[in-house]
Amino acid sequence: MIVKLNRGWEFCKEGKVFSPVSLPHDAMLVERRSPTALSGEAGAFFPSGKYRYQKKLTFSSEELKKDISLLFEGVYRNAEVFVNGIKVGAHKYGYSEFTVSLNGVVRAGENLLEVTADNSLIPNCRWYSGAGIYRPVWLIVSAKDAPKTLRIVTRSTSPAVIEVTADEGAEVEIYDGETLVAKGGAGEFTIPDAKLWSAETPHLYTAVARRGGEELKTTFGIRTVECDPMRGFLINGKRTLLRGGCIHHDNGVLGACSYPDAEERRVRILKEQGFNALRISHNPASRALLDACDKLGMYVMDECFDGWYIPKNYHDYSRDFFEGYKDDLRAMVEKDFDHPCVVMYSVGNEVTETASEKGVKLCGDMRDLLHSLIRPAP
């Protein structure tokens with residue numbers, strides 16, 4: 001069972017009274033702007049703050065026998081998660097998603113979930129960051145032997161061969177719309193009369209893994225990506241020029257909130273204006289944005305960081321970079337892996353660290369980590 005937990009929350013700024021809200025929620029938008037706010041023009045002159053969210057969760061005694069977790073797509077920033085007053089997780093980076101296990105903490109009946117976001121130290125970003133739980137939250141309740149892994153890699157396009165990684169014993173089915181086109185255990189599948197994914201032909205398939213009476217789904221596209229020194233950048237063996245632009249994560253007057261309709265709208269407008277590629281500046285894209293790029297056909301360079309350990313703003317993520325960067329890179333790849341729109345990754349924007357031996361080594365370490373996540377050793 002995977003349930004979106006966007007309704008029924010209460011919210012307050014520290015020291016204020018709770019009021020009902022729905023997620024995604026940009027806590028900065030409840031503030032009053034001031035020309036003297038330290039956030040400056042990048043932060044739209046909003047003041048900083050510490051914010052609290054709470055929601056009641058109810059579980060049956062049967063559900064307590066299963067794995068229970070929460071997936072937070074994005075909380076800006078310095079998030080802490082509590083259940084019944086017990087701290088169960090924390091995450092400092094405001095742009096990567098994270099999961100918190102509730103096993104052994106929740107009880108049968110009613111439970112109180114509390115989330116805090118500390119955006120009090122500013123300036124901490126060179127653009128409008130927003131604050132609070134600005135992306136969706138998911139409750140995941142699954143049997144102990146439910147499928148946990150489902151990854152798709154295109155091995156060739158003529159014939160179309162995909163490799164499916166799934167949990168041992170899982171039964172895998174591949175669908176083209178409602179039509180079952182292949183089934184079996186994890187491994188290689190040849191897809192008959194395959195329709196390839198590209199910006200011009202964004203055709204999507206669905207993979208389903210079943211085990212223990214439960215299922216895990218993912219959408220994917222059949223496509224290959226190559227960089228050839230003589231032929232250039234190739235999608236499905238065809239030389240492809242990227243006509244791209246950079247976008248930040250906010251949605252204008254909606255603030256930092258990520259809504260599927262808003263994400264699809266801006267991808268559609270950019271596509272209508274001749275774009276076929278986007279660079280996400282300068283943090284991992286939301287799931288909703290990647291879904292829109294998959295559906296409409298838009299190549300994506302997903303970027304993990306604005307900088308590394310040298311500050312660009314006094315209170316930015318450089319203070320916590322070494323503590324969290326590996327987990328943030330892992331979270332980005334885990335989220336992106338099955339999205340055909342993601343054709344490359346960036347580990348940093350305009351980083352000056354590479355002028356030093358320490359920075360060069362760090363860049364190599366991050367490259368190697370990404371390669372291991374994308375192409376794990378057999």
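Two strands count as paired if DSSP finds at least two bridges between them. Keep that in mind for the first stop. One caution before we start: this is a predicted model.

Let's take the parallel sheet. It is open and has 4 strands, in the order S21-S22-S23-S24. The pairing is parallel. Which strands stand at the edges? Strand S21, residues 244–247, and strand S24, residues 342–346. Each has a single partner strand, so one side of each has no neighbour in the sheet. On average, neighbouring strands here are turned by 20 degrees against each other, direction ignored.

Now zoom in on S23, residues 299–303. S23 pairs with S24 in the parallel sense, over 4 bridges. Look at Met301: it stands opposite Met344 in S24. On to the pairing with S22. S22 and S23 are also parallel, over 3 bridges. There, Leu278 has Val300 in S23 as its bridge partner.

Is S23 enclosed or open to the outside? Of its 5 residues, 4 are buried, so the strand is largely enclosed by the rest of the structure. The cut-off for buried is under 20% relative accessible area.

Next, the helix over this sheet. Helix H2, residues 287–296, lies across S21, S22, S23 and S24. H2 runs at about 160 degrees to S23.

His339 belongs in this part of the tour. His339 sits in the loop between helix H3, residues 321–336, and S24. Buried or exposed? Buried, because its relative accessibility is 11%. What does His339 touch, leaving aside neighbours within four places in sequence? Arg223, Arg287, Leu290, Asp291 and Asp294.

Between S22 and H2 we find His282. A cis peptide bond joins Ser281 to His282, with omega about -10 degrees. Worth a look on your screens.

Then a piece of surface. Val253, Leu254 and Tyr259 form a nonpolar patch. Together they have about 300 Å² of accessible area. Val253 is in the loop between S21 and helix H1, residues 260–272. Val253 is exposed, at 81% relative accessible area.

Lys13 stands opposite Tyr51 in S4.

Some backbone points. Phe45 lies in the loop between S3 and S4. Its phi is near 60 degrees, a positive value in a residue other than glycine. Phe45 is partly exposed, at 32% relative accessible area. Asn236 has a positive phi as well, near 55 degrees. Asn236 lies in the loop between strand S19, residues 232–235, and strand S20, residues 238–239. There is also a cis peptide bond between Ile122 and Pro123, with omega about 5 degrees. Pro123 is in the loop between strand S9, residues 109–119, and strand S10, residues 137–142.

Last topic: charges. How many salt bridges are there? The count comes to 28. I'll pick out some of them.

Lys56 and Glu110 meet in one, at 3.9 Å from N to O. This pair links distant parts of the chain: Lys56 in strand S4 and Glu110 in strand S9, 54 residues apart. Lys56 is exposed, at 54% relative accessible area. Glu110 is partly exposed, at 48%.

Lys87 and Glu80 form another, at 3.0 Å, N to O. Both ends are partly exposed: Lys87 at 47%, Glu80 at 29%.

Then Glu215 with Lys217, the closest N and O atoms 3.9 Å apart. Glu215 is partly exposed, at 40%. Lys217 counts as exposed, at 55%. Salt bridges with shared partners join Glu173, Arg210, Glu215 and Lys217 into one network.

That's the tour.

Note on methods:
Residues numbered from 1 in each chain as written. Predicted model: local features only at pLDDT ≥ 70, side-chain atom pairs only at ≥ 80, totals over all residues. Heavy atoms only, no water. Helix = DSSP H or I, 4+ residues; strand = E, 2+ residues; numbered from the N terminus. Axes fitted to C-alpha atoms, helices over the stretch in contact; angles between N-to-C directions. Contact = heavy atoms within 4.5 Å. Patch = residues over 30% accessible without salt bridge, like charges linked within 9 Å, V, L, I, M, F, W, Y side chains within 5 Å. Areas by Shrake-Rupley, 256 points an atom, 1.4 Å probe, with all protein chains shown as cover. Salt bridge = Lys/Arg side-chain N within 4 Å of Asp/Glu carboxyl O. Buried < 20%, exposed > 50% of the residue type's maximum accessible area, 1.4 Å probe, protein only.
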